[in-house]
Amino acid sequence: MSNIGSYDERIKNFDWSIAEKELGYNNGNVLNIGWYCSDRICQLGKADKMALLWEDSTGREKRYTYNDIRLASNTIGTFLKDLGIGNEDRVCLFMDKIPELYLGFVGILKIGAIAQPLFSAFGDESLYVRLHDARTSAIITQRKHVGKVRKIIDKMPYLKHIIVVDHDGRKPLKEREIAFSLEEAEPVEHLEIFPTTAESASVLHYTSGTTGQPKGVKHVHYSLIAQYLSTRWVLDLQEDDIYWCTADPGWVTGTSYGIIGPWSVGATQCVQDAGFSAEAWYRFIEKRKVTVWYSAPTAIRSLMKAGEDLVRKFDLSSLRHLASVGEPLNAEAVVWSERVFGHPFLDTYWQTETGSIMLTNFPGMKIKPGSMGKPFPGIKATVVDAKTYEPITEPGRVGLIAFRPGWPSMMRAYWNNEATYQGKFKNGWYLSGDRSSIDRDGYFWFTGRDDDVINTGGHLVSPFEVESALLEHEAVAESAVVAKPDEVNMEVVKAFVALKPGFEPDADLELRIMNFIRKKLSPLAMPQEIEYVDSLPKTRSGKIMRRLLHAKEWGEEVGDTSTLEDDE
Ligand code: WT7
C-alpha cells in the first residue's frame, strides 16, 4: 500500500494542515528544519535508526544513525556559532558529496543561519558571482576546492571564515582560513536551536536565467511542510526503505529530496560520492539494496545506452519505486525502465523556485509515458495564454505553466532582486517559464522552456553567463551561446565566436577557449563545440539574434526574422 493511497481521495478537501499535524507543528511556533531532520526523529524513538550510508569511489564507507546526525549537526552548528555566525548569515557549502555537506547543512539551519549550497565543480568565477551577490559570511569547503576561494578572496571582504573540513596540517592555512574536523571535534550533546519560525529564511539556491547573473532563490523553514508531504506521497518513503537520491545538494533536488525530505520522514538514505558509471550505479543499488530511487533523465538515458546485458549482471530486485526530475523524461525511458527494472521511472516536475514537486506521477496512478502527470494535492496548476495570462481551457493547447501562489515551499524572494521576482507573477499566477499542454484527463505534457536557458543533463546554464565569460578570453571579440541537441544530455552548450584580429580560428584555440570556460565557470557550462564566425547576426539595434542561431542548430524554420528583432 502506498502512502498516498488514492490520489482522487487525497485531492478532495486537501489541506496542508495534514502535514502540519503529522509533523506536530502548530502555526506560529518555532519551526526549524534542522531540528525536524535530526532531534525530532530521535525523539520519535529512532535515534539508532540508520540515517546515512555513505561511500566514495574508493569504497571508503561511513555510517550515521539519527543520533549521529543530531550530534554532528550540533557540533558543526556550535563551531559556527562560536565564530559569531548566526541569524540569517549566509553560510556556503562548497564540497563534494561528503558527509560534512549533509551534516553541515543541518547544523547551519539549527543556528538560524542560511545554507547556501554550491556545486563543488564550479570554477572561481561561478563561485564569486554567487558569494558576492549573497554577501556570504562563511564558506565550508575541502582542501581540494580551497584554491578557488583563495583566487577571489581579495574581492570579498565580507567573507570572514573559510572553513576547511579535511585539513591535514601539511600546508599552512592562509588568511581567514580555519580547520575543522568532525572526527576530532568534541561531540556537542546540547545545542540551543535558534527559534526560527515559518517565514525565517532557510536555504539560498542560485539558479540561472536568460539575462543577468544567476538569481538567489530564497526559501524559508515553512517549505518543510511541502517537502515532507511530497516525500511521503510521491517518493513514497516508508519505514524500511533504503532511499537513493542521485542529485548533488549543490542543486535543489539534492537538498529538498536529498536531505530535508528523507530525514524529515526518518528514512534511511544512501549517498555515493562518485562520478557517473552505469556499472558502479548498479553495483551500489545491489550492495545497498536500494528500494526507492530518485534520479534524472540524462542518467537514465546513459543507463539505456549502457545496455540491458549490464543490468542483468546485478541483482536489482530490491528496487520498488523509481522517480525522475530535471528535464523531459522521454516515453522510451519510462517504457525501458519498466521492462528492465520491473518499475517505470515516474516523472516529477518542479523547479528551484517551487522548492518541492508540483506536477507528478503518483504511485498507483495510471501512467501516460511522456507526461509529467498531475498537480500535487493543494497545488492549483494550469497553463495560461502567453499574451493574456488567462487559463487555457482547450485540452491539448500549449500555454505557459502557471501555479497559484501560496504553496508552502514557494520561493519568498530572489535575493536582492525584487523586480525580477515580481516579474514572475502575472494575473495572479506564478509563471514557471516552461510550456506545456494539458490533456482531457488533466495530465500535463511538457513542450519546452519559454526562454533561452540551456538545460544540459538537468542542469540549467545561462547563455548570458557563458557569453560574459567568453568575452574575458583574449581571443574573443563577440559571441553567442545556444543549446545544441545531444543524444544523452538532451542539450549541450554551443558557442559561436568571432575572433579578434590576429587570432587563428583553429582547433588548438577551440580547446583553449573550452578549457578557459570549464575552469572559470564549470564543466557543465563548457561549450562542447565552438563555431568560428566572421560576425554574428544582429538586430537593427545591435542585439545578437540568439534565437536565429538556436533555430538553425535544431533544424527549425527560422521564419520571419523581423519578428525575432522584436524579441527580448
Ligand atoms: C527546470 C527547473 C527541481 C528539479 C531540478 C531542476 C526543467 C524540471 C522537468 C520535467 C521537463 C523539467 C524545467 C524547469 N524541468 N523537471 N519533469 N520535465 N522539464 O531544477 O534547476 O530549477 O530547473 O528544469 O525547464 O523549469 P532547476
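**Exercise 1. Find the residue whose side chain makes a polar contact of 2.6 Å with that of Asp-241, and describe its place.**

Step 1. The side chains of Thr-291 and Asp-241 are joined by a polar contact of 2.6 Å. A polar contact is a pair of N or O atoms within 3.5 Å; within protein, one must be able to donate a hydrogen and the other to accept it, and residues adjacent in sequence count only if both atoms are side-chain atoms.

Step 2. This is a predicted model, in which local features need pLDDT of at least 70 and side-chain atom pairs count only at pLDDT 80 or more, while totals for chains, interfaces and linings use all residues. Residues are numbered from 1 along each chain as its sequence is written, and side-chain values use heavy atoms, with hydrogens and water left out.

Step 3. Thr-291 sits in the loop between helix H11 (278-288) and S12. Helices (H or I, at least four residues) and strands (E, at least two) are DSSP runs, numbered from the N terminus.

Step 4. Thr-291 counts as buried because its relative accessibility is 12%. Buried means under 20% relative accessible area, exposed over 50%, and partly exposed in between (1.4 Å probe, protein chains only).

**Exercise 2. Characterise the shell of 19 residues around the ligand.**

Step 1. Asp-347, Thr-348, Gln-351, Thr-352 and Asp-434 come nearest to the ligand. A residue is near a molecule or strand if one of its heavy atoms lies within 4 Å of it.

Step 2. List polar side-chain distances to an oxygen atom of the ligand.
- Gln-351: a polar side-chain atom at 2.9 Å.
- Asp-434: a side-chain N or O atom at 2.5 Å.
- Arg-449: a side-chain N or O atom at 3.1 Å.

Step 3. Take the cover. Of the 560 Å² of accessible area that the ligand has on its own, the protein covers 96%. Accessible areas come from the Shrake-Rupley method with a 1.4 Å probe; for residues, only the protein chains shown count as cover.

Step 4. Assign elements. Helix H10 (252-264), strand S14 (345-349) and strand S22 (444-449) give two or more residues each to the shell. S14 supplies the largest share, three residues.

Step 5. Sort by type. The shell holds eight nonpolar, seven polar and four charged residues. Ala, Val, Leu, Ile, Met, Phe, Trp, Tyr, Cys and Pro count as nonpolar, Asp, Glu, Lys and Arg as charged, and the others, Gly among them, as polar.

**Exercise 3. Is helix H6 largely enclosed or open, and how does its span compare with the expected one?**

Step 1. H6 (residues 99-110) has twelve residues and reaches 17 Å from its first C-alpha to its last, close to the expected 16 Å. The expected span is 1.5 Å times one less than the number of residues.

Step 2. Twelve of the twelve residues of H6 are buried, so the helix is largely enclosed by the rest of the structure. Among them are Pro-99, Glu-100 and Lys-110.

Step 3. Just after H6, Gly-112 has a positive phi of about 80°.

**Exercise 4. Which loops hold Glu-88 and Asn-427, and what are their phi values?**

Step 1. Glu-88 is in the loop between helix H5 (66-82) and strand S3 (90-94). Its phi is positive, about 65°, although Glu-88 is not a glycine. At 29% relative accessibility, Glu-88 is partly exposed.

Step 2. Asn-427 is in the loop between strand S20 (425-426) and strand S21 (429-438). Asn-427 is not a glycine either, yet has a positive phi of about 55°. With a relative accessible area of 44%, Asn-427 is partly exposed.
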